[in-house]
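Visitor: Hey, I've got a structure I'd like to talk through. Can you show it to me and help me read it?

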Amino acid sequence: MTTPSREELRGEGGAHRIIDMMTDEVNRWLRERTTTGDVYDATYDRRAAAGEDVHGEATFVMRFSPTSVLDAGCGTGRVGRQLARRNVEVVGVDLDAEMLGTARRKAPDVDWQLGDLSTVDLGRPFDAIVMAGNVMIFLEPGTEGAVLANMARHLSPGGVLIAGFQLQPGRLTLGRYDEIAVATGLAPAERWATWDCAPWVAGGAYAVSVHRRGCGLAKSDTGGA
Ligand SMILES: C[S@@+](CC[C@H](N)C(=O)[O-])C[C@H]1O[C@@H](n2cnc3c(N)ncnc32)[C@H](O)[C@@H]1O
């Protein structure tokens, strides 16, 4: 099988093509992705078939007993699909039409939307937002503030933003992540080293962070972000 070209990986259709035109050269993930959605997803299927629990993210999210979850940067929807199986109402958003294609094929009943996390307006809040699989470090550098402000706008009062990402030299630091989150009105609530709640140790290579929206307005609702 030959490797599909970037153009072949992009998907067809008007809305997809417009998003691609807007984000092609300005989104780190679209520049760096080297695989298809189906191939990406198949690695998790293989690990599950070998007996590995590949649903640590969904299990972690369920600790907060949400009735609704935004899977932000859902990709192939592997986390959102598992949450939907656990009777959570899920909306998934991603700007990559190829990855979303896999999500739509594998779970046609879930609401998968093509959109940019920095600007998408879903018109409703969620009990929890999950950004799994390094979404934060695949954002275009410099857009993290806009993305977190928009995520804060989509959280119910008391709702939680959950993000897991690798800590690598030259990429987003935890200090910067906390600073941006606090600026949008989200308070640090928990930090772990893994999705199965191994204790966080300073200097670790991966962190799962939980920030909680207060019960008042998010700063972004009042123009303060
Ligand atoms: C490594 S994948 C993770 C996918 C999925 N969350 C998972 O855990 O399997 C990172 C995803 O973030 C998405 N992404 C990056 N920047 C985005 C943005 N500004 N808006 C929406 N999605 C974005 C990419 O398109 C990609 O699907």
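Predicted model: local features only at pLDDT ≥ 70, side-chain atom pairs only at ≥ 80, totals over all residues.

Visitor: Okay, how many helices and strands does the chain have?

Guide: There are 10 helices and seven strands. They are DSSP runs numbered from the N terminus: helices are H or I with at least four residues, strands are E with at least two.

Visitor: In what order do the strands sit in the sheet?

Guide: The order is β3-β2-β1-β4-β5-β7-β6, in an open sheet with mixed pairing. Two strands pair if DSSP finds at least two bridges between them. At the edges are β3 (111-114) and β6 (186-192), each pairing on one side only.

Visitor: In which sense do β2 and β3 pair?

Guide: Parallel, over four bridges. For instance, G92 has W112 in β3 as its bridge partner.

Visitor: And which strands does α6 touch?

Guide: α6 packs on the sheet against β1 (68-72), β2 and β4 (126-131), and its direction makes about 170 degrees with that of β2. Touching here is contact, with C-beta atoms, placed from the backbone, within 7 Å. Angles run from 0 to 180 degrees between N-to-C directions, and axes are lines fitted to C-alpha atoms, for helices over the stretch in contact.

Visitor: What about α7, which strands does that one lie across?

Guide: α7 lies across β2 and β3, at about 170 degrees to β3.

Visitor: At what angle do α4 and α7 pack?

Guide: About 55 degrees, with the axes of α4 (residues 37-49) and α7 (residues 97-106) 8 Å apart. The two helices are therefore oblique to each other. The scheme is: under 35 degrees is roughly parallel, over 145 roughly antiparallel, 65 to 115 roughly perpendicular, and the rest oblique.

Visitor: Which residues meet there?

Guide: G37, D38, Y40 and D41 in α4 meet E98, M99, G101 and T102 in α7.

Visitor: New topic: which residues come nearest to the ligand?

Guide: G73, G75, D96, L117 and G133, out of 21 residues around the ligand. Being near means a C-beta atom, placed from the backbone, within 6 Å. α6 (78-85), β2 (89-94) and α8 (135-138) each supply at least two residues of that shell.

Note on methods: Residues numbered from 1 in each chain as written. Contact = placed C-beta atoms within 7 Å.
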